[in-house]
Amino acid sequence: MEADKRTRRRPIYKEVITMITMAQGNLKRCVAARLSPGENLLAGLEKVCETYGIQDGILLSAIGSLDGFTYLDPIADPNCKAGYRYGTPNHVDDPVSVMNLSGMICHDAEGKRLLHVHGVVADTKGRAWGGHVTEDNVVLLTVDVVIGELGDGIEMGRGYDPDLEVMIFAPKQV
């Protein structure tokens with residue numbers, strides 16, 4: 001009964017959109033890196049991808065610590081076609097332990113690399129926080145990351161979807 005109450009509180013989508021976009025490919029190689037204190041998290045991940053020429057990939061593992069955490073979570077918005085959008089940034093001021101980062105290394109139609117990263121962190125009191133990672137995160141002691149580069153068969157596209165009014169993942173079989 002409680003689950004039914006939670007479901008009813010959610011906004012109803014203005015239009016149901018059903019689509020599954022799929023592609024398959026191979027894992028080409030893994031790249032391991034350590035980001036140092038003071039490094040901007042997303043800029044550091046971008047630097048690793050640039051150094052090794054990774055255009056299509058996934059974050060296989062990422063742990064470490066950050067000097068605070070800034071992230072986005074979805075919020076209900078009846079003015080959006082899908083009924084949701086990302087809200088204003090949330091911020092944890094205390095140092096945090098990175099429990100996990102996951103995400104994709106994609107690119108837009110022009111070939112510009114786009115990182116889409118989500119994370120779960122724990123603050124100094126053990127509380128967990130998580131969501132879409134923003135550009136405002138700085139490494140405290142270390143962030144250790146393993147990136148899987150995808151090989152033949154799959155292209156990791158990302159672009160704006162006018163029906164949902166957000167950027168979406170668009171994998172393509174090549």
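The model is predicted.

Begin with the chain as a whole. It holds two helices and twelve strands. Along the sequence they follow the pattern α-β-α-β-β-β-β-β-β-β-β-β-β-β. The chain has 174 residues, and 38% of them count as buried. It exposes about 10,400 Å², with carbon and sulfur atoms supplying 55% of that area. Now consider contacts between residues at least 6 apart in sequence: 68% of these join residues at least 24 apart.

Next, look inside. In soluble globular proteins, nonpolar side chains tend to be buried together. Here the largest nonpolar core has 26 residues. Leu41, Leu45, Phe69, Leu101 and Ile147 touch the most other members. Several elements give two or more residues to this core, among them strand 1 (27–35), strand 7 (96–107) and strand 10 (139–150). Helix 2 gives the largest share, five residues.

Take Leu41 as an example. Its neighbours within four places in sequence are set aside here. Leu41 is then in contact with Leu35, Leu66, Leu101, Val133, Asn137 and Val143.

Finish at Phe69, another of the core residues that touch the most other members. A search of the whole structure finds one aromatic pair. Phe69 and Tyr71 form this pair, and it is stacked. The ring centres lie 4.9 Å apart, with 15° between the planes. That angle counts as stacked because it is under 30 degrees. Phe69 is buried, with a relative accessible area of 0%. Tyr71 is buried too, at 5%.

Methods. Residues numbered from 1 in each chain as written. Predicted model: local features only at pLDDT ≥ 70, side-chain atom pairs only at ≥ 80, totals over all residues. Heavy atoms only, no water. Helix = DSSP H or I, 4+ residues; strand = E, 2+ residues; numbered from the N terminus. Buried < 20%, exposed > 50% of the residue type's maximum accessible area, 1.4 Å probe, protein only. Contact = heavy atoms within 4.5 Å. Areas by Shrake-Rupley, 256 points an atom, 1.4 Å probe, with all protein chains shown as cover. Phe/Tyr/Trp six-rings, centres within 6.5 Å; stacked < 30°, edge-to-face > 60°. Core = buried A, V, L, I, M, F, W, Y, C linked by side-chain atoms within 4.5 Å.
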